[in-house]
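Hi,

Could you take a look at the structure below when you have a moment?

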Amino acid sequence: MSDALVFEQVSKRYGRRGVKALDDLSFRVPKGAICGFVGPNGAGKTTTFSVVSGYLRPDSGRFAILGHEGFEPFALKGRLQVLPQDADLGNQHTPRELVTHLAQLGGLSGAEARRAASDALDMVRLTDRRDKRIGTLSHGMRRRVAVASALAGRPELVLLDEPTAGLDPVQAQSLREVLADARGQRTLIISSHNLDELERLCDWVVMVDHGRCIRQGTVAEVTGRSSRAVWRLGPGDLPLDAITSAVPAHRFSIEGRELHETAGPEGDLDASSLRIARVLAEHGIAIREVRRGQSLERTFIEDAGR
Amino acid sequence: MLRSLLDTLLVARFELMRALRTWRALALAVLYVIALSGATYIYVRILWFIEAGLAETLGVPMTEKPGAMMDELMDNGELQRMIREMSGTPDAVEYLLTWPLLAVWGLWIGILLLPFLATSASAECISIDMSTRALRFEALRTGRAELVLGRFFGQVGLTGIAAICGLSGAWLVGMTQMVGNDPVFLATGLAALGLRAWLFGLPFIGLGVAFSQLTASPNWARVLAVGSTAGSWIAFGLAREFRDTSWGWLCDLVLQVLPQGWLQGLWTPNEWLISGLVYIALSLCAVGLGFVRFARRDL
């Protein structure tokens with residue numbers, strides 16, 4: 001699969017002696033993925049988005065967007081769209097006027113832009129407010145207007161910086177559904193502190209900290225869904241030796257009533273689970289729960305805290 | 001190229017729509033209407049005063065409103081001296097007397113007022129969106145040059161609309177406070193000479209847009225732009241004053257790059273177009289100077 005976005009050793013410092021926001025940042029996002037862009041405050045997420053959007057110029061390194069070197073507005077017209085984190089929409093226009101204008105600037109004809117704006121505003125459930133002045137809308141509604149502007153038309157790559165910030169739970173859920181519907185049709189890169197949300201939505205994760213990429217890959221790889229399992233077991237002596245003999249390719253450890261299993265490169269958690277279950281049954285130990293991998297949040301806390 | 005042009009027009013249209021919905025645009029138009037109408041009213045009273053003197057000299061009865069003795073007024077040396085001083089171009093008096101007097105007055109007031117109003121309004125057109133980061137929505141979808149040019153043309157349109165409103169006020173004063181004015185002739189005169197005042201305003205719009213690109217603080221941009229406009233008048237006065245000294249070469253150079261240095265052309269039948277073209281060039285140069293910084297800055 002080709003990549004929608006590639007960063008190679010990109011650095012950006014604010015001011016001559018200021019903070020180094022990006023420090024040789026390298027990562028990639030495959031085309032068609034819904035990518036979670038994760039990092040603590042000040043990790044460089046918004047700076048990365050700003051570099052991709054052409055708002056900031058990197059000091060060094062290279063990056064390619066949809067096969068184009070660097071940010072080139074005319075080559076990427078309508079193909080790249082961004083929801084900036086804290087950009088104001090202005091108060092004078094209506095949502096319909098603003099989204100139509102931005103869609104036209106994105107390369108659509110007048111009629112296409114009007115249709116795209118109407119569809120996008122329907123998508124974020126703002127149909128009944130589309131002709132009200134933006135200045136009269138609530139914070140959540142303004143946020144939805146901004147999301148509509150990012151989704152209007154036929155963008156191939158959409159960057160969303162904290163898309164659900166300021167939305168109530170119902171609106172946030174509705175937006176997650178909209179984003180999930182885009183799976184396979186366009187590449188979405190979503191920056192958010194809500195890691196549960198990202199884990200449910202995304203299939204690719206890039207973790208950044210101090211301007212560097214600390215981990216990237218599919219959600220399954222990053223959280224260890226394909227390589228780690230935790231068995232929560234009932235009372236009784238845990239037969240660690242018997243389990244290790246039954247599945248010699250995997251590593252096991254015990255924490256309280258939990259059996260932690262780590263598969264090697266050639267390991268297969270599906271095959272091992274049958275053998276482990278058989279050993280446990282033979283020793284009369286109940287299986288209360290089996291979890292694959294660990295949550296994205298726990299992975300992130302472990303990695304970022306290192 | 002075509003795409004660039006289209007983007008520029010789209011940004012200009014949006015900028016104009018936005019500007020027309022802000023209280024600042026309304027303030028610009030209202031201020032210009034009040035200033036031009038008020039100044040026209042004062043001018044009408046001055047004409048009435050001159051006419052009163054003429055009527056006394058000729059021993060004819062005075063009318064309630066001025067305009068009844070327009071032919072005699074045109075031959076009056078005092079009025080011709082006034083027009084000569086206003087235009088700074090003695091040769092143009094005869095030509096200017098072929099236009100309605102109110103239109104000539106409108107041009108003079110426009111030359112004085114429009115630069116300040118234009119710079120004040122245009123100075124915030126980019127800086128305000130840099131401060132709120134609203135510029136990011138458009139900056140993602142088009143080039144920075146198209147963005148800046150679009151904003152500039154939007155401001156040009158806004159100033160044009162303010163000028164039309166102001167001239168309409170002057171026309172109304174002329175029609176209600178004077179007698180003998182042909183409505184079409186007065187409107188044509190105001191429009192034709194108003195166009196020249198608007199052309200003179202272009203470099204100052206460019207100046208405002210230039211400062212708007214330099215700073216994300218709209219207030220600071222406005223202070224710089226209005227200050228520079230005032231400075232340009234001072235520089236113009238000094239350059240004319242010291243033109244015949246050993247610094248004459250510098251004064252000539254300053255007059256070439258100052259919009260005021262090309263003012264005399266606006267009062268003449270043939271050279272106003274050349275001055276207009278110079279003003280277009282100067283305005284684009286000013287925008288371009290600001291763009292040197294804007295093209296490289298982080299948004």
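Here is what turned up, starting with the cavities.

First, the ground rules: this is a predicted model, where local features need pLDDT of at least 70, side-chain atom pairs count only at pLDDT 80 or more, and totals for chains, interfaces and linings use all residues. Residues are numbered from 1 along each chain as its sequence is written, chains are lettered from A and ligands numbered from 1 in the order in which they are written, and side-chain values use heavy atoms, with hydrogens and water left out.

Searching the whole structure gives 3 cavities of 30 Å³ or more (a cavity is a set of points, on a 1 Å grid over the protein atoms alone, where a 1.4 Å probe fits but cannot get out; lining residues have an atom within 4 Å of a point). The largest cavity holds about 170 Å³ of space, a volume being the space filled by probe spheres set on the points. Its lining has 14 residues, and Leu89(A), Phe14(B), Asp129(B), Ala134(B) and Arg151(B) lie nearest the centre. By class, that lining has 6 nonpolar, 3 polar and 5 charged residues (Ala, Val, Leu, Ile, Met, Phe, Trp, Tyr, Cys and Pro are nonpolar; Asp, Glu, Lys and Arg are charged; the others, Gly among them, are polar).

The second largest cavity has about 40 Å³ of space. Residues lining the second largest cavity include Trp48(B), Glu51(B) and Met69(B), and its lining divides into 6 nonpolar, 1 polar and 1 charged.

Cheers

Note on methods:
On a 1 Å grid over the protein atoms alone, a cavity is a set of points where a 1.4 Å probe fits but cannot get out, and a pocket is an open set with protein on both sides within 12 Å along at least five of seven lines; lining residues have an atom within 4 Å of a point.
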